[in-house]
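Please look over the sequence and the model before reading on.

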Amino acid sequence: MVEITIANFQQLLLIGAAFGHRVCKKSSNSNKLYQTSPKLFEDDLISIVDLRLVPWGNAKLSGNNTIDCQHGPYECLLNTVEACAIDIWPQLNEHFPFINCIETLVYQRQYPEWKSCFEKLGLDSKLIADCYTSGYGKELELEYAAETNNLHPPHEYVPWVVVDGQPLYEDYENFISYVCKAYRGSTILKACSELSIDKIIQGKSTHPVCYKETTVPSLSS
């Protein structure tokens, strides 16, 4: 889940984005939201956006707080790793590159190589390992579960993108237009000025999603 808060700060909330969308749709669009998200860091757009990533996707809780992920145990592992990363490196410019690195490998079906992201980005792998093995990572995931389950309206699929409390539904790839439309600040933003008025107010488009009840192969399949 991604929550983008705008105003003179918008909140962008992303549930799942690629987290639960890894295998459900094997298409060129399946990781497109992550390909688009780095645009927030270009120019001045990130200055008005509070981007939050929620690594939960379409996972479910069963007895004794057992987490069942839509794409199997490997998705649960990576969700927890990403939850730990957000906690350990709370600044967006620290955890986003790491998560983006993992999701890129997932999209390329190279997810067993996710640990290579530590070396690529110069990050301490022990911090993540300690978070995961101590059980703290699962505690973080349970918090994300509660946050996701308390959404109004409830999330139906992933990616689930929310701008200032309003879900974008299947038009999630167009989130930058929604951010610009919601912006009420006085500063003229280059990223928004480059969008045509037609682009900002055009009718909604639809993109691939992965519904909660869909049965899909596990990541290791």
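What share of the contacts in the protein with a separation of 6 or more comes from residues 24 or more positions apart? Such residues account for 73% of those contacts, where contact means heavy atoms within 4.5 Å. The model is predicted, so local features need pLDDT of at least 70 and side-chain atom pairs count only at pLDDT 80 or more, while totals for chains, interfaces and linings use all residues. Residues are numbered from 1 along each chain as its sequence is written, and side-chain values use heavy atoms, with hydrogens and water left out.

**Overall make-up**

- The protein has nine helices and nine strands; these are DSSP runs numbered from the N terminus, with helices (H or I) of at least four residues and strands (E) of at least two.
- Of its 221 residues, 51% count as buried. Buried means under 20% relative accessible area, exposed means over 50%, and partly exposed lies in between (1.4 Å probe, protein chains only).

**Nonpolar core**

- The largest nonpolar core holds 56 residues. A core of this kind is a set of buried Ala, Val, Leu, Ile, Met, Phe, Trp, Tyr and Cys residues joined through side-chain atoms within 4.5 Å.
- L45, F98, I102 and W114 have the most contacts inside this core.
- With neighbours within four places in sequence set aside, F98 is in contact with V81, A85, W89, W114, C117, F118, L121 and L123.
- In soluble globular proteins, nonpolar side chains tend to be buried together.
- E113 sits in the loop between helix 3 and helix 4 (116-121) and is partly exposed, with a relative accessible area of 45%. Its C-alpha atom is 8.4 Å from that of I102, 11 residues away along the chain.

**Second largest pocket**

- Strand 3 (52-54) and helix 3 (92-107) each supply at least two lining residues.
- By class, the lining has nine nonpolar, one polar and two charged residues. Ala, Val, Leu, Ile, Met, Phe, Trp, Tyr, Cys and Pro count as nonpolar, Asp, Glu, Lys and Arg as charged, and the others, Gly among them, as polar.

**Ends of helix 5**

- At the start of helix 5 (residues 125-133), a side-chain oxygen of D124 comes within 3.0 Å of the backbone nitrogen of K126.
- G135 follows helix 5 and has a positive phi, near 95°.

**Backbone geometry**

- Most residues other than glycine have a negative phi, and most peptide bonds are trans.
- The peptide bond from H152 to P153 is cis, with omega near -5°; P153 lies in the loop between helix 6 (136-149) and strand 6 (157-158).
- V158 and P159 are also joined by a cis peptide bond, with omega about 0°; P159 lies in the loop between strand 6 and strand 7 (160-163).
- N65, not a glycine, has a positive phi of about 60°. The residue lies in the loop between strand 4 (60-62) and strand 5 (66-68) and is partly exposed at 41% relative accessibility.

Note on methods:
A polar contact is a pair of N or O atoms within 3.5 Å; within protein, one must be able to donate a hydrogen and the other to accept it, and residues adjacent in sequence count only if both atoms are side-chain atoms.
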